[in-house]
Amino acid sequence: MSKEIPFSVRLRDLVLSDALISWRWRNDSEIWRLTGNRPDKRITPEIETKWLEKVLEDPASRRFAICVGQNADYVGNVQLTSITAMEAEFHIFIGEKRWWGKGIATRATELCLQIA
C-alpha cells in the first residue's frame, strides 16, 4: 500500500474532451523525454482528438484520466493496452508537472490494478 497522500486520487474513463488538455502534454519535451515515446511532429488539439477517438475504440485497451483533489483536476493518464486474457501493457504519466513527486502515479497504479 502506498503512503497516505493528503488529497484524493481517482480514475475515470478518458473522454474526447480530454484532448483539449492532453495535446499540451504531447508537445512538452520534458514529459516525453521521460517516457521515451515522443511525437515526430507538433500535435494540435485536432490531431490529439482524432488520435484519442481512434484509441478509445480499441477493444484491447482501457484508458483512464488521473484526477486529483476536490475538483477532480485531470493531471495525467494511465492505460492498459494490448489486453489479453492473461496480460496487458501498462502505461502511466503525469502531465501536470506541479503534481510530480507527490505519489499520484503510485496511487493511480494501485487503482488501475484494482480495475485490471
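Arg 62 and Asp 13 form a salt bridge in this predicted model, with their closest N and O atoms 3.1 Å apart. A salt bridge here is a side-chain nitrogen of Lys or Arg within 4 Å of a carboxyl oxygen of Asp or Glu. The pair links distant parts of the chain, since Arg 62 belongs to strand S2 (residues 62-68) and Asp 13 to strand S1 (residues 9-13), 49 residues apart. Strands (E, at least two residues) and helices (H or I, at least four) are DSSP runs numbered from the N terminus. Arg 62 is partly exposed, with a relative accessible area of 38%, and Asp 13 is partly exposed at 44%. On this scale, buried means under 20% relative accessible area, exposed over 50%, and partly exposed in between (1.4 Å probe, protein chains only).

Residues are numbered from 1 along each chain as its sequence is written. The model being predicted, local features need pLDDT of at least 70 and side-chain atom pairs count only at pLDDT 80 or more, while totals for chains, interfaces and linings use all residues; side-chain values use heavy atoms, without hydrogens and water.

The whole structure contains 8 salt bridges, including the following.

| Salt bridge | N to O distance |
|---|---|
| Arg 12 and Asp 18 | 2.8 Å |
| Arg 62 and Asp 13 | 3.1 Å |
| Arg 107 and Glu 110 | 3.1 Å |

Arg 12 is partly exposed, with a relative accessible area of 24%, whereas Asp 18 is buried at 4%. Arg 107 and Glu 110 both lie in helix H4, 3 residues apart, about one turn of the helix. Arg 107 is partly exposed at 21% relative accessible area, while Glu 110 counts as buried at 17%. Salt bridges with shared partners also join Asp 28, Glu 30 and Lys 97 into one network.

Arg 62 also lines the second largest pocket, among others with Leu 80, Glu 87, Phe 90 and Cys 112. Strand S4 (89-94) and helix H4 (104-115) are the elements that give two or more residues to this lining, and H4 supplies the largest share, 3 residues. The lining divides into 8 nonpolar, 1 polar and 3 charged residues. The volume of the second largest pocket is about 170 Å³. A pocket is an open set of points on a 1 Å grid over the protein atoms alone, where a 1.4 Å probe fits, with protein on both sides within 12 Å along at least five of seven lines; lining residues have an atom within 4 Å of a point. The volume is the space filled by probe spheres set on the points, which are joined across faces, edges and corners.

How values were computed: Nonpolar A, V, L, I, M, F, W, Y, C, P; charged D, E, K, R; others polar.
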